[in-house]
Amino acid sequence: MHNNLLKPIVELSYLNAQNVDRYRCIMRCFYEHHQRLQYWLRPEEVYRGVLSYGLLENYTMEQCQQDLNQLVEWKNLVPQHDGGRSTTVEEYLRKKFRYMMTPYSVEIERLVVNLENIRGYGGSLEPSLFESIALSLQKMKELPPEITPQEALALWENIYETFTKLTENAADYIASLQSSKTEELMQTEAFLAYKNSVTGYLQGFVQGLQRHAYRIEGLLPLFQPEFLRDFFHKVRDALASRPQLDEPVTPEEYMHRLQTQWHSLNRWFLGEPGEKSDVYYLEQTTKDTIARIVRAALRIQERRRSGISRRRELDYLGQWFFSLTSIEEAHRLAAYAFGLYRCRHFQGEDDKDTESPDISMWQAGPNIRGLRSRSRKKGRSSGPDPVKSQHTRQQRARAEYLAQQQRQAELLQKFLAQGTVTISDLDTVPAATRQVLLSWIGLCLANKSRQIRTPDGIEISLLLPDHQQRTILHCEDGELDMPDYTLYFRPTGDQ
């Protein structure tokens with residue numbers, strides 16, 4: 001492969017040669033007959049096909065024969081002696097030929113046809129492809145050892161072809177939204193007709209990505225190297241069993257190709273050490289595109305309103321202020337009319353003291369955030385800062401984590417002893433118990449079988465309520481209206 005990178009592709013010469021119009025007409029004639037399974041053409045058939053386009057004037061049969069000879073020299077055509085039509089010895093010795101396209105030429109002409117049909121980037125965002133990959137990986141993980149090579153090949157081709165389609169279509173569609181043509185459309189009022197449909201399409205894709213991509217990220221690390229080696233050996237055997245009339249591919253090349261494809265799949269969903277995955281960047285790019293579309297629509301609407309005179313409204317508001325008798329009423333009217341001034345927004349984690357929605361933000365304690373100076377003046381250096389020991393904070397965090405795991409394990413053992421837990425039968429529960437129950441329910445709902453298995457080897461099954469019955473889960477910090485689920489707990493043989 002490395003040697004091929006250094007060699008010129010002679011077969012591409014006809015696309016930029018001096019008589020490119022004649023050569024391209026001939027190759028297009030061969031390609032159209034190739035599509036109709038007519039592989040071998042005589043010079044007379046080629047000549048008639050070129051003239052049927054009506055693009056070349058004063059084109060002769062002698063020029064057609066010269067062009068065919070040149071294309072043979074460039075390895076675009078393969079000649080074959082056509083002696084069946086000869087009626088005399090002189091005609092046979094003249095060596096009439098018929099011609100066929102080489103495999104390189106077929107692919108080159110197919111590429112040229114596709115390039116002629118390109119209208120923008122195209123592509124699409126299909127969240128169903130994430131679900132298809134997740135289901136196929138789950139099926140691959142549960143494969144029995146006696147699976148045949150053909151079944152392994154069919155499963156792997158389905159996984160990788162779906163992955164290739166997902167990445168290519170998503171990249172093309174995102175690129176189309178960031179093209180200069182789209183930017184020009186976003187500046188016009190005609191864009192408002194597309195705004196809702198485009199944002200809804202992108203939001204549906206993000207929701208599908210978040211629903212299934214994280215499931216794929218959880219499945220990929222579960223594949224052991226021994227399982228992958230045996231699986232790809234079967235895929236390799238199935239590929240090697242296909243008859244190859246041209247240069248055969250060695251088993252080592254098959255394995256290297258399969259391992260490269262698996263690495264690409266892992267890198268796209270999991271990323272490299274120290275780097276974020278491509279699916280993360282795809283999610284962020286899609287969200288940024290939604291925000292950009294909304295901002296463009298707002299700018300268009302503001303531009304619409306900018307031409308409307310507000311003199312009458314402002315005069316009415318001024319008369320209103322003039323009629324007030326106290327400064328407090330004026331302050332109140334100004335708050336309603338103009339809102340807050342010079343707001344600053346801080347982004348970060350909101351450390352709430354409680355989960356109750358009845359507690360106002362004014363009743364909760366403040367969150368302390370340190371702000372750095374934005375001044376361009378360089379402050380005086382106070383010397384190197386000492387290294388702060390984080391041992392105490394780490395020990396405290398470790399103790400809190402272990403205590404949380406211990407409480408969750410005790411709760412799991414308690415429910416395991418009961419066997420069945422129905423939400424409507426529970427008494428008032430602590431907030432931590434509610435969080436654990438909701439996490440189990442969420443994991444079961446995300447699984448098609450409505451079952452999960454904890455690291456301790458305990459299987460949890462979820463039963464949906466009949467007739468969509470609902471109940472109130474009483475907690476120490478409030479009440480939660482939710483479906484009346486039933487959870488079944490039982491140990492497995494792995495425990």
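Is Y104 buried or exposed? In this predicted model, Y104 counts as exposed because its relative accessibility is 52%, and the threshold for that class is over 50%. Y104 lies in helix 5, which spans residues 103-116. Together with I9 and L12, Y104 forms a nonpolar patch on the surface. The accessible area of I9, L12 and Y104 together is about 300 Å².

The chain as a whole contains 16 helices and 8 strands. Of its 495 residues, 31% are buried. The chain exposes about 34900 Å², and 51% of this area is supplied by carbon and sulfur atoms. Among contacts between residues at least 6 apart in sequence, 70% join residues that are at least 24 apart.

The axes of helix 1 (residues 20-35) and helix 3 (residues 61-73) come within 10 Å and cross at roughly 80 degrees. Helix 1 is therefore roughly perpendicular to helix 3, since angles of 65 to 115 degrees are placed in that class. On the helix 1 side, the residues that meet helix 3 are R22, Y23, I26, M27 and F30. Their counterparts in helix 3 are Q63, C64, D67, L68, Q70 and L71.

A further position considered was A240, which is located in helix 10 (residues 225-240). A240 has a relative accessible area of 46% and is therefore partly exposed, because this class lies between the limits of 20% and 50%. A240 and Y254 are 14 residues apart along the chain, and 8.2 Å separates their C-alpha atoms.

Key: Residues are numbered from 1 along each chain as its sequence is written. This is a predicted model: local features need pLDDT of at least 70, side-chain atom pairs count only at pLDDT 80 or more; totals for chains, interfaces and linings use all residues. Side-chain values use heavy atoms; hydrogens and water are left out. Patches are made of residues with over 30% relative accessible area and no salt bridge: like charges are joined within 9 Å, nonpolar side chains (Val, Leu, Ile, Met, Phe, Trp, Tyr) within 5 Å. Accessible areas come from the Shrake-Rupley method with a 1.4 Å probe; for residues, only the protein chains shown count as cover. A salt bridge is a side-chain nitrogen of Lys or Arg within 4 Å of a carboxyl oxygen of Asp or Glu. Helices (H or I, at least four residues) and strands (E, at least two) are DSSP runs, numbered from the N terminus. Buried means under 20% relative accessible area, exposed over 50%, partly exposed in between (1.4 Å probe, protein chains only). Axes are lines fitted to C-alpha atoms, for helices over the stretch in contact, and angles run from 0 to 180 degrees between N-to-C directions. Angles under 35 degrees count as roughly parallel, over 145 as roughly antiparallel, 65 to 115 as roughly perpendicular and the rest as oblique. Contact means heavy atoms within 4.5 Å.
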